[in-house]
Amino acid sequence: MSTIPARLTLPRDDRPILIAALFIVAILIAGTAYTWERFGSAPLISPTYLLQQLQIGAFLGIVAAGMMLVILISQIDLSTPWTLTAAAMMATTVGGPEAIPVGLSVGLAVGIVNGLGVAYLRVPSMIFTLGVNAVMRGLMVAHTGGFAPQTTATSLMRTLAAERSFGIPNALFVWLAVSAAVVIILQRMALGRYIYAIGNKEAAAYLSGVNTRGVTVVCFALCGLTAGIAGVLLAGYSQKAYQGMGDAYLLPSIAAVVIGGTNILGGRGRYLGTLVGVILIVLLNSVLSIMEMPEAGRQVIYGGVIILMLLVYGRGERVTS
Amino acid sequence: MPSDLVIRLRQNFPFVTALVLFCAIFALYQVEHPRGFSSAVLVQNGDEVFALAMVAMAQTVPVLAAGLDLSVGALMTMVGCCASYLLSGAPEGTPLAVELAGLHLNLGTLPGGIIGIVLGMIICLAVGTLAGLFNGVIVVYGRIQPIIATLATGAIYIGIALFLRPQPGGKIDDDLNWALTNALSDFASTVHIFDDGAAPWFAPFAWIPTSFVLLALIALLVWVPFRRSITGRTVYAIGSAEGAAYMSGLNINRAKIAAFTLGGFFAACGGLFLAIQTSSGNADLPQAGTYTLNSIAAVVIGGTSLLGGTGGAIGSIFGALILRVISFFFRIYDIAPLLQPLFEGIILLAAVSIGALRVLRVKNTLELFR
């Protein structure tokens, strides 16, 4: 197999990205054909509309960036929904100039707790982060008294999330910054090498002298931090924090990471893929809502697309090989 | 030389812990309850725990094969929505017709009365089992990781549930509801057996909640034979070492598909009971998610390793019982409703962290990485 020249075949990790990108084009064409037929216009390919969709996609993109780091070390973070909500609620409660730092520290703190539990107690991440999610939910319910909090986002949060500079939504710049940070970590830092190494074989990474527990804590901390960023931005976008604001981000973020070609068992995947996966999910959602698809059909199509994409390129190896 | 019993206890340590913990907190609950140790309280407890116990059993089987089924809650909801159409028990029968994208499919009429209800229950269970089979086929022949494959199929099942019941509604036959969600005496008097439940020999059992009996029957008649079959043992073998299981000549594909199919059947039982208990079908997305996540928690508390290979569905029943009894305590101790989610979370975290104390005994760090 290794005799095939590298130039003639796509690297294994690039194939999913290319196919997902082609699928995005297919969604755009199908959606445009539909709107042209029905309304005689093509809003899907207008820059204004695309920018607006990307602005909404930025929140998912930021969450998915952190989720990818955790999935790469073959863990998962199910505490994202209430970490995000807690960060948003604490930020709006504190208000003033401290709002954003407080929101981000909440996310970071929850991430560190997750990391400590997974790395040192060795509780499976799926169950530990689930417990942390329940605790955060309990804390927030106790904090708000079960009612929608009456606090509002600060003007800086609104500026970052909902306004534009140079005609481009500010949220996109935040997404860009988060993306750049993740790419630097994964491509240019030793930490990135360690992350891939742990995802492939933690025991081997440990024997090679990698502080695997430390790296695990860092990954979870960063994942919590990105959830915090998304929470602060989302509160700014909707001008307030509310119960359940993070629920719509957990499964789509995992799906985006996986559609982008990252192996759910860790150790393989490129950040560009996650980016493409996020855009795919956001566009799919917006096309379905233009088509006025009822929730039932949306869920079925959503599930079908994930299975289809993975059947095309996400298949695992046989046990026999 | 430790005796056979000691070895068995040691091997099943997590399960025994769960059992003892359950007995302790359940006894405490009954003592503290103002009307404790009465049939009425037991009936209520049984009804509240049944669906979660079934979903936890459903989750156990794929977990034993080192998989995970994130679709159990959605599958349960879908079956519940089917049941809300099929079990109305209308004497004139239930017409079966599906309106899909302008297409009108007429599937005949479900007969009324008891035959119709039994047929309807069989159809519901078949739907769930088929959905489980679909999960298994996607995982085995699609070679997609179970966690992400079932995430996707779960979305599909919830979509079907929403299609069936955009709004909560439907109707379940009143007698069926009464027979299954009360004590055995009520079951007997509804279906007219044992002299309407008045037979003298029947009296000592009359107080037992029907839900507990159903739970025990499903565990003994479905789970235990499965576990003892070659396929069941193969499921355990896959969880321990899939490569070794394959090299030993075991049919791992069949065992994996069987694991997901059986999971679908258990989840269908849970959905059916939930629909009968609430007398309606409700495509409740958050509820489905909660059931899925609680099922994982129940599996872990019940002593099954998420890495696969050890544990069992009986343990998961006790895991589900423990989770539910903890929330029963909130009622009798009058804890502010606002603090209840917090306590639930802390107890869940504490339970899984205590199980993690074994890391302190590990002498070789490499043993941690499995």
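## Helix packing and chain contact in a predicted two-chain model

The axes of α7(A) and α10(A) come within 12 Å and cross at roughly 175°. Because an angle over 145 degrees counts as roughly antiparallel, α7(A) and α10(A) are described as roughly antiparallel to each other. On the α7(A) side the contact is made by A:Ala171, A:Val174 and A:Val178, and on the α10(A) side by A:Thr226, A:Ile229 and A:Leu233. By class, this contact of α7(A) with α10(A) holds five nonpolar residues and one polar residue, with no charged residues.

From α2(A) the contact draws on A:Leu54, A:Gln55, A:Ala58, A:Gly61, A:Ile62, A:Ala65 and A:Leu69, while α7(A) contributes A:Ala171, A:Leu172, A:Val174, A:Trp175, A:Val178, A:Ser179 and A:Val182. The residues of this contact of α2(A) with α7(A) divide into 11 nonpolar and three polar, and no charged residue is counted.

In chain B, the axes of helix α4 (residues 72-86) and α13(B) come within 7 Å and cross at roughly 50°. That angle makes α4(B) oblique to α13(B), and α4(B) passes α13(B) in a right-handed crossing. The residues that α4(B) brings to the contact are B:Val72, B:Leu75, B:Met76, B:Thr77, B:Met78, B:Val79, B:Gly80, B:Ala83 and B:Ser84, and those of α13(B) include B:Gly263, B:Gly264, B:Ala267, B:Ala268, B:Gly270 and B:Gly271. The remainder of the α13(B) side consists of B:Leu272, B:Leu274, B:Ala275 and B:Ile276. Taken by class, the contact of α4(B) with α13(B) has 12 nonpolar and seven polar residues, with no charged residues.

| Helix pair | Axis distance | Axis angle |
|---|---|---|
| α7(A) and α10(A) | within 12 Å | roughly 175° |
| α4(B) and α13(B) | within 7 Å | roughly 50° |

Chain B contains 16 helices and two strands, and its C-alpha trace spans about 70 × 55 × 45 Å along its principal axes. For the 370 residues of chain B, a compact globule would have a radius of gyration near 21 Å, and chain B, at 21 Å, agrees with that value.

The contact between the chains takes 45 residues from chain B and 45 residues from chain A. On the side of chain B that touches chain A, α6 (146-164), α12 (242-247), α14 (285-301) and α16 (340-355) of chain B each supply at least two residues, and the largest share, 13 residues, comes from α6(B). By class, that side of chain B comprises 34 nonpolar, eight polar and three charged residues.

As to confidence, the model scores ipTM 0.80 and pTM 0.86. The mean pLDDT of chain A is 84, with 93% of its residues reaching 70 or more, whereas the mean of chain B is 83, with 91% of its residues reaching 70 or more. Within chain A, confidence is lowest in helix α6 (residues 155-162), at a mean of 76, and highest in helix α10 (residues 212-238), at 91. Within chain B, the lowest confidence falls in strand β2 (residues 103-110), at a mean of 67, and the highest in helix α13 (residues 252-278), at 93. Where pLDDT is low, the predicted coordinates should not be read in detail.

Terms used:
Residues numbered from 1 in each chain as written. Chains lettered and ligands numbered in written order. Predicted model: local features only at pLDDT ≥ 70, side-chain atom pairs only at ≥ 80, totals over all residues. Contact = placed C-beta atoms within 7 Å. Helix = DSSP H or I, 4+ residues; strand = E, 2+ residues; numbered from the N terminus. Nonpolar A, V, L, I, M, F, W, Y, C, P; charged D, E, K, R; others polar. pLDDT = per-residue confidence, 0-100. Rg over C-alpha atoms; globule rule 2.2 N^0.38 Å. Axes fitted to C-alpha atoms, helices over the stretch in contact; angles between N-to-C directions. Parallel < 35°, antiparallel > 145°, perpendicular 65-115°, else oblique. Left-handed = near helix turned anticlockwise from the far one by under 90°.
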